[in-house]
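Dear colleague,

I am passing on the structure below for you to look at beside this message. Please keep it open while you read, as the notes that follow describe what was found in it.

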Amino acid sequence: MATRVVATATVRALKGRKLLPTRAALTLTPAAVNRIKTLLQDKPDFIGLKVGVRQRGCNGLSYTLDYASSKDKLDEEVVQDGVKVFIDKKAQLSLLGTEMDFVESKLSSEFVFNNPNIKGTCGCGESFSM
């Protein structure tokens, strides 16, 4: 089964921000929750979004976002305000304490991962290093 990329994602390194213990591996802003609800509203075959990580870009790693029709055995499940986000096993450690936001400007709209764990990003923000 081919995966479909849902949206682009940008990563921001948060310098000076300590990793705060939370119940969830990932927290969602209200804007992210609303965007996920919009993406899923006409797609009854999908129950949420899945966040993964892959080798890519000039800095090594980038996040992927796909529709999820089920929860895989080793996925971490985050449920917030009526939406579900599943985190692939390979992405779980890199996302701990991260905030997922959705940002719109005149030129683009994208999910943004505000991540205190990463050491650096590339100039465009698509890839990161740990």
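In helix 1, the buried residues include Ala32, Val33, Ile36, Leu39 and Leu40, where buried means under 20% relative accessible area, exposed over 50% and partly exposed in between (1.4 Å probe, protein chains only). They lie on the same side of helix 1, because they cover an arc of only 125 degrees around the axis, the arc being that of the directions from the helix axis to the C-beta atoms. Helices (H or I, at least four residues) and strands (E, at least two) are DSSP runs, numbered from the N terminus.

Please note that this is a predicted model, in which local features need pLDDT of at least 70 and side-chain atom pairs count only at pLDDT 80 or more, while totals for chains, interfaces and linings use all residues. Residues are numbered from 1 along each chain as its sequence is written, and side-chain values use heavy atoms, with hydrogens and water left out.

Leaving aside its neighbours within four places in sequence, Met100 is in contact (heavy atoms within 4.5 Å) with residues including Ala32, Ile36, Leu65 and Phe111.

As for the whole protein chain, its secondary structure comes to two helices and ten strands, and 42% of its 130 residues count as buried.
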